[in-house]
Amino acid sequence: VHAEFLTSLTGIAGTENVLHAPEDCWNYGYDNSRQHALPEAVVFPEDPQQIQAIVRLCNESNLPLVTRGRGTGTAGACVPLHAGLVLSTERMNNIIRADPGDRLMEVEPGVTNQEVQQRAAADNLFWAPDPTSASVCSVGGNLACNAAGPRAVKYGTSRENVLGLEAVTGTGDIIHTGVYTTKGVVGYDLTRLIIGSEGTLAVITRAILKLLPQPESKHTVQAFYSDIQSAAKAVVAIMRQPVTPCALEFIDGNAIELVRDHSDLVIPANTGAMLMIEVDGRADTINLESGRILEAARNEGLLEYRIATNDAENREIWAVRKALSPALRDIAPKKINEDVVVPVSRIPELIEGLDALGREYGIRIVNFGHAGNGNIHVNLLIDPDDPAQMQNSHECLMQVFRLVIRLNGTLSGEHGIGFVKRDYTSLEIDPQTMQLMRNIKSQFDPNNILNPGKLFPADTDS
Ligand SMILES: Cc1cc2nc3c(=O)[nH]c(=O)nc-3n(C[C@H](O)[C@H](O)[C@H](O)COP(=O)(O)OP(=O)(O)OC[C@H]3O[C@@H](n4cnc5c(N)ncnc54)[C@H](O)[C@@H]3O)c2cc1C
């Protein structure tokens, strides 16, 4: 960047809030996609007015601006592909206020998910989005990626749990979207538009989070099935009855073998699939509710189940799920990990189709994930040193995505598009709809300053 730009930037944010030496900036060029690009400078603004001035400066200098939370995203969304300026929100990390009566909390974007949960818990409340990365990811990043975790099956994703936003658009305007209430219908729903837009429309500077009361009690059921189809049938049966579980996770037979090999957990022989089902609710009705779930989970393929009714037993049950990611990392450090979604009733077809693709391309595919939402993590275990397999994996991945779209699914449930998946989005979004999205982007950000090269396929770049 020019010296003149740096002088203006330090004038806005203060020298203590600007980095420009490459060795200092290096750390702000990566995320969990393992991609890296070196930014020309990094700025740590402290309020929306500074962000407004920074965005205007980038417009004047025609310099890309990439907002960064904590860099835990998995799709390269905060990697500064075209260099330019990284705007880190890590010094805007205050909880502005919590209001338990109105069940809301106003926060700055750099606060972590975990800090929000801890503050909410003091009032017996919680914020529904529960990504596994909660202790290290920012709320701004959660909203920009529409993050969620197992609880989404009952409580929804970030989109369903935010009332309103303050944000700075690509033109440097400070806008206010949404409401402080749980109802409201004045104007377009820009809150939901900005949530999930991966930093391409605006920099979120404040969020009004919707909080929910903590459940009194929790039961966890671990159910082992002889085959994947029986487990998938149980998922559909569970989602058809009135008690909505607060987690409904699924692990396929390949994944179970991995856990078995990499841990001393006791898993019945001949297990072809497993479900983890969590039910929460009032202490005086929880037995009835978990009973209803068990009834639905039971079918001819159910081999065995365990039920946890206290914290210690609960932790033991979740240990199987938690052993999975390290096991996968051990055996396939370069695995391709997708997070596709299909309607719950189509999960059996998805799994059958994935098995067939695995056989056709000679690639081991391991599946697990948030079955209650139909959000399945599909892992292609590939050997990066085998060029033939690498080539095959790209073709196989394209076929996986085509299968998902055929089943009325979507390419990503929570990881987003960033730039690693941008060239696949045309499989899902038709040209007219894509053009409308482009037009919306240019209303928010006419000079394409905010996070260029993300979300939209490369062949639609102007
Ligand atoms: C171990 C691990 C487990 C994970 N588990 C889950 C999971 O269970 N569920 C899930 O959904 N995700 C999960 N993730 C992915 C990731 O943690 C989430 O997407 C998270 O929301 C990203 O937050 P971040 O602060 O790190 O954002 P970053 O990675 O820094 O940024 C992500 C995107 O958000 C944009 N952005 C960040 N802040 C703002 C802002 N204030 N305004 C506008 N745009 C902004 C960036 O420009 C970028 O496009 C996991 C990641 C890891 C490493």
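1. Strand E16 (residues 336-341) is largely enclosed by the rest of the structure, because five of its six residues are buried. Buried here means under 20% relative accessible area, exposed means over 50%, and partly exposed lies in between (1.4 Å probe, protein chains only). Helices (H or I, at least four residues) and strands (E, at least two) are DSSP runs numbered from the N terminus.

2. The model is predicted: local features need pLDDT of at least 70, side-chain atom pairs count only at pLDDT 80 or more, and totals for chains, interfaces and linings use all residues. Residues are numbered from 1 along each chain as its sequence is written, and side-chain values use heavy atoms, with hydrogens and water left out.

3. E16 pairs with strand E18 in the antiparallel sense over six bridges; two strands pair if DSSP finds at least two bridges between them. Within this pairing, Glu338 stands opposite Val378 of E18, and Asp339 stands opposite His377.

4. Strand E18 (residues 375-381) is mostly covered, with seven of its seven residues buried. Asn375, His377, Asn379 and Leu381 point one way from the strand, whereas Ile376, Val378 and Leu380 point the other way.

5. E18 also runs antiparallel to strand E17 (residues 364-370), to which seven bridges join it. Val366 has Asn379 of E18 as its bridge partner. E17 and E18 form a hairpin with four residues between them, and Gly374 in the turn has a positive phi of about 70°.

6. Across the whole structure, 17 salt bridges are found, each defined as a side-chain nitrogen of Lys or Arg within 4 Å of a carboxyl oxygen of Asp or Glu. One of them links Lys154 and Asp280 at 2.6 Å, N to O. Lys154 lies in helix H6 (residues 152-155) and Asp280 in strand E14 (residues 273-281), so this pair ties together parts that are 126 residues apart in sequence. Lys154 is partly exposed at 33% relative accessibility, whereas Asp280 is buried at 3%.

7. Lys233 and Glu300 likewise meet in a salt bridge, at 2.7 Å from N to O. Lys233 belongs to helix H8 (residues 228-240) and Glu300 to the loop between helix H10 (286-297) and strand E15 (302-308); the pair therefore ties together parts 67 residues apart in sequence. Lys233 counts as partly exposed at 47% relative accessibility, and Glu300 is exposed at 65%.

8. Salt bridges that share partners join Arg97, Asp99, Glu106, Glu166 and Arg206 into one network. Within it, the closest N and O atoms of Arg97 and Asp99 are 3.5 Å apart. Arg97 is partly exposed, with 33% relative accessibility.
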